[in-house]
Amino acid sequence: MGDFIRGLLFGGSKPAPSPAPSAEDDFADFASAPSPSPIYSSDSSSSAPTAASFDDHSTLPTLIPYTKWYRVWERTSPSDFKAEAFIIPFIVLLAALHIWGRRKNKRKANAWAAAHCPALEREFASVGYGKSVKQQLGRGSTSEDVPGKEDEEGMTLKEKTAQEYTTYASGRQNVAFAEVKVKLLKRYNPMSLAAETALSFFFESFKPPREGVEITLHAFDGKEKDLVPVKSKAELDAKESRFKGLQNSGYDAFVWAVVHKEQMKRLRDERYDVSLTATKDHKSLPVWASIMSESAEVTEALLTKELVDAVEKAGEEAFEYLIVTDQPVDKPMKLNEAAPHKRLILSLRLPSSTSSSAYTSTLPLFEYFLRLPDLLVSAAHFRPEVTRKIRTTREEETKKLKKADEGEKAEERRLEAEKRKKEMRDTRLKGLSAEEQRKFLEKEREKGQKKQEKKMSRKA
């Protein structure tokens, strides 16, 4: 109290100012909290380092505190991986089946090539997309020794998809070129294969999975000069001189087929050209095969003893059909789609074996098929009555297409006239005043009512 009075009367010394608050004062409560010390594992081989164990030239190592996160075996158990225990083996199984299926298909395709490409090479100047099968296999080798190489290395067969292989041949008299398609099962996708098989049992629209080969020969039909390419005038002159001495490769147009009886219904439903024929059994053929032809005279000219023997040797397990046609597969909807295109088609099933020796039964039919264009050029020229009957069928189909085409063109012309008339009306309305437009629309309405009344009276 005395200090207070003395300060008021005599003025004492001023108190020292308090220091300004700093940002660290907000964390003053935590200043006295001790730092957590790491817990080290109690291994006998190592102990916690001390300051005395390091001299002035040593550096302190980075010390990682013990935590359960780094020891997976302590925080997990086998029951945590139940889903992986099912998923991983399933993926591995699918991958193994995919690899096995692709390799199996490739072996089967190579086996077919080894058995049939020598016959193709005897008939055609160029086979495949590169080296021939003989050059790939060498002497004393089999088709199974051929690795599954890609087309850039010159394989005769080209892998279009994992279930389809193709090859090509050209350079033969009477044949422009040949196409071969080897279609196999989807062994690389067992789930899809099983689904297709199951659906084929319950629905007729789903085809059952099958393995087969389809060979198509496209005939020149006297058009060698148009189809054989040339690069210079000298080559053109040489080509014309070469073709002068050759026999005309044309023959009469018709549709004729030897078909397995199990395939007849499917072919009639799927192929327009075969639907133009009549079915008839022949005494020379086996009981499981039949003839589909537009004329009996065509059958007598083409059904030779050699063909019958080849079909019998192929057997009902391998043979499907042999077709000689000039009509499209799909029904033409326009005139340009109905243009004739002569070709020969042979379809065979593939055996289950991957050995080239499994094709000994079908090889005679395949070789005969390659020489069939020569028989057509020499023998497929019939009496005028036969060709007139065949031509009449085609002319009737052409008339239907012409009528449909004329109807479409008339409809297009009508729509175009209505469009022009509407444009002229709109242009005329734009140039009229409001009153004139009202009168014009009233006249149009009256005309429409009169037309409607006339139609009603005609119906009555």
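Reader: Leaving aside neighbours within four places in sequence, which residues is Phe254 in contact with?

Author: General idea to start with: in soluble globular proteins, nonpolar side chains tend to be buried together. Now the case here, keeping in mind that this is a predicted model. Phe254 is in contact with Glu294, Val298, Leu302, Val324, Thr325, Asp326, Leu376, Ala380, Phe382, Ile390 and Arg394, once its neighbours within four places in sequence are left aside.

Reader: And which residues touch the most other members of the largest nonpolar core?

Author: Phe254 is one of them, along with Trp256, Phe319, Leu322 and Leu365, in a core of 57 residues. Helix α3, residues 82-123, gives the most to this core: eight residues. There's also a second, separate core of nine residues, with Ala257, Val259, Met264 and Ile345 among them.

Reader: How many of the protein's residues count as buried, as a percentage?

Author: Of 460 residues, 31% count as buried. As for the surface, the protein exposes about 31100 Å², and 56% of that comes from carbon and sulfur atoms.

Reader: Okay, helices next. At what angle do the axes of α12 and α13 cross?

Author: Two packed helices are described by the angle between their axes and the distance between the axes. For α12 (residues 384-430) and α13 (residues 434-459), the axes come within 10 Å and cross at roughly 150 degrees. The crossing is right-handed.

Reader: Which residues make that contact?

Author: From α12 you have Arg425, Arg428 and Leu429, and from α13 Gln437, Phe440, Leu441 and Glu444. Sort the residues of this contact by type and you get three nonpolar, one polar and three charged.

Key. Residues are numbered from 1 along each chain as its sequence is written. This is a predicted model: local features need pLDDT of at least 70, side-chain atom pairs count only at pLDDT 80 or more; totals for chains, interfaces and linings use all residues. Side-chain values use heavy atoms; hydrogens and water are left out. Axes are lines fitted to C-alpha atoms, for helices over the stretch in contact, and angles run from 0 to 180 degrees between N-to-C directions. Helices (H or I, at least four residues) and strands (E, at least two) are DSSP runs, numbered from the N terminus. A crossing is left-handed if the near helix is turned anticlockwise from the far one by less than a right angle, and right-handed if clockwise. Contact means heavy atoms within 4.5 Å. Ala, Val, Leu, Ile, Met, Phe, Trp, Tyr, Cys and Pro count as nonpolar, Asp, Glu, Lys and Arg as charged, and the others, Gly among them, as polar. A nonpolar core is a set of buried Ala, Val, Leu, Ile, Met, Phe, Trp, Tyr and Cys residues joined through side-chain atoms within 4.5 Å. Buried means under 20% relative accessible area, exposed over 50%, partly exposed in between (1.4 Å probe, protein chains only). Accessible areas come from the Shrake-Rupley method with a 1.4 Å probe; for residues, only the protein chains shown count as cover.
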